[in-house]
Amino acid sequence: MTDDGQEPPAGLGAGDADPRTRATVALRHRAVTVHAWDDVVFAHWRCEPETLARLVPRGTRPDIVDGSAWVGLVSYVFRETQVPPFPPSTRLGSMTEVTVEVLTVDDVGRRGIAYLTVDTPNVPAIVAAHALLGVPYTFAWARSRRRGETLGHRSVRHPDRVRHPIRAVRQARRTGGATGPRHAASVRVVAGEVDRSALAADLTTRAGIHARLLAQTLYWQRQHAPLTVRSARLERLEGDLPDAVGLPGLFDREPDSLLVVDGTTVRYAWGDVVR
């Protein structure tokens, strides 16, 4: 209950004061998807709020954490996906996703993220996310690799192959394989010691997603256990993926925060209409 005796909005509760437990708040609705995430890399940059405000959905604004607004390149591997009440499926959900996302907050205090893009090779996920969730998925060849403590993710997007598949094939024949913009991102890090700082928790533990769907802004609740967050050292960061989402030159400077989570299980459920 809130101080005035009312139920808190979806995704907001006693744990929100502590970022480490923010995402442990019970789902208010039945989970629509459950995902096992492995080898999660979080690269975050400080930005001016005005730079990011134009990129987030109506009814939200960039969340100010440690005095700054933040944009992140977050990449991970799906090892397993479940769509309740069906059993988990490794074949359905095994894929790499490379995202660019902004830390957001809405007028009732729900702290989440807004995806600027989610690049993945999984076409069914792209179609479902656009139609049902309002999440901007884009087709890309994406892969991941881990050797010991070294984690790497790479994506090369081919948006035309999903939006206009027949046109893309014809164009490829004419141009010898080129099918349109191929914005890419590649990141490789070496995981280090556990980072228990409040900043690390705030950047990695977000209680939901703010998404545009038609004329509305939606909030999808996200739940997972407290994360074991580790520091990381950058070995490689290259590509022009930020150019495709309105943040040119982002990779020209090293991230202000670089973190790793070895694995977690994430559950998503309907939250609310923000606006």
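## Buried or exposed

A residue counts as buried when its relative accessible area is under 20%, as exposed when that area is over 50%, and as partly exposed in between. By that rule, both Arg157 and Asp119 are buried. This report starts from that pair and then moves through the rest of the structure. The model is a predicted one.

## The chain as a whole

The chain has 275 residues, and 52% of them count as buried. Its secondary structure consists of 7 helices and 12 strands.

How much of the contact pattern joins residues at least 24 apart? Take the contacts between residues at least 6 apart in sequence: 71% of them join residues at least 24 apart.

## Strand β5 and its neighbours

Strand β5 covers residues 111-120. Of its 10 residues, 9 are buried, so β5 is largely enclosed by the rest of the structure.

Two strands pair with β5. Strand β4 (residues 95-106) runs antiparallel to β5, with 8 bridges between them. The two form a hairpin, with 4 residues between the strands. Gly109 sits in that turn and has a positive phi of about 90°. Strand β6 pairs with β5 in the parallel sense, over 3 bridges.

Asp119 shows both pairings. Val98 stands opposite Asp119 in β5. In β6, the bridge partner of Asp119 is Thr138. In a regular strand, side chains alternate between the two faces of the sheet.

## Salt bridges

Side chains of opposite charge can pair when their charged atoms come close. How many salt bridges does a search of the whole structure find? It finds 18.

Start with Arg157 and Asp119. Their closest N and O atoms are 3.2 Å apart.

Now take Arg146 and Asp262. Their side chains meet in a salt bridge with an N to O distance of 3.2 Å. Arg146 is in strand β6 and Asp262 in strand β12 (residues 257-273), so the pair ties together parts that are 116 residues apart in sequence.

Arg253 and Asp256 form another salt bridge, and their closest N and O atoms are 3.2 Å apart. Arg253 has a relative accessibility of 37%, so it counts as partly exposed. Asp256 has 41%, so it counts as partly exposed too. Some salt bridges share partners. In this way Arg22, Asp63, Arg111, Asp202 and Arg206 are joined into one network.

## The second largest pocket

Rolling a probe the size of a water molecule over the atoms shows where empty space is left. The second largest pocket has a volume of about 210 Å³. It is lined by 14 residues, and the closest to its centre are Arg145, Leu151, Gly152, Arg188 and Arg236.

Which elements give two or more residues to this lining? They are β6 (137-147), β7 (150-157) and β8 (184-194). The lining of the second largest pocket divides into 2 nonpolar, 5 polar and 7 charged residues.

His44 is found in strand β1. Its relative accessibility is 0%, so His44 counts as buried. Leaving aside residues up to four places away in sequence, His44 touches Trp70, Val71, Gly72, Val74, Leu103, Leu203, Pro255, Asp256 and Ser257. One of these, Asp256, is the salt-bridge partner of Arg253.

Asp39 is also in strand β1, which spans residues 33-47. Phi of Asp39 is near 50°, a positive value in a residue other than glycine. Asp39 is buried, because its relative accessible area of 10% is under 20%.

Asp66 has a positive phi as well, near 55°, and is again a residue other than glycine. Where does Asp66 lie? Asp66 is in the loop between β2 (60-62) and β3 (69-82). Its relative accessible area is 52%, so Asp66 is exposed.

Terms used. Residues are numbered from 1 along each chain as its sequence is written. This is a predicted model: local features need pLDDT of at least 70, side-chain atom pairs count only at pLDDT 80 or more; totals for chains, interfaces and linings use all residues. Side-chain values use heavy atoms; hydrogens and water are left out. On a 1 Å grid over the protein atoms alone, a cavity is a set of points where a 1.4 Å probe fits but cannot get out, and a pocket is an open set with protein on both sides within 12 Å along at least five of seven lines; lining residues have an atom within 4 Å of a point. Grid points are joined across faces, edges and corners, and a volume is the space filled by probe spheres set on the points. Ala, Val, Leu, Ile, Met, Phe, Trp, Tyr, Cys and Pro count as nonpolar, Asp, Glu, Lys and Arg as charged, and the others, Gly among them, as polar. A salt bridge is a side-chain nitrogen of Lys or Arg within 4 Å of a carboxyl oxygen of Asp or Glu. Buried means under 20% relative accessible area, exposed over 50%, partly exposed in between (1.4 Å probe, protein chains only). Contact means heavy atoms within 4.5 Å. Two strands pair if DSSP finds at least two bridges between them.
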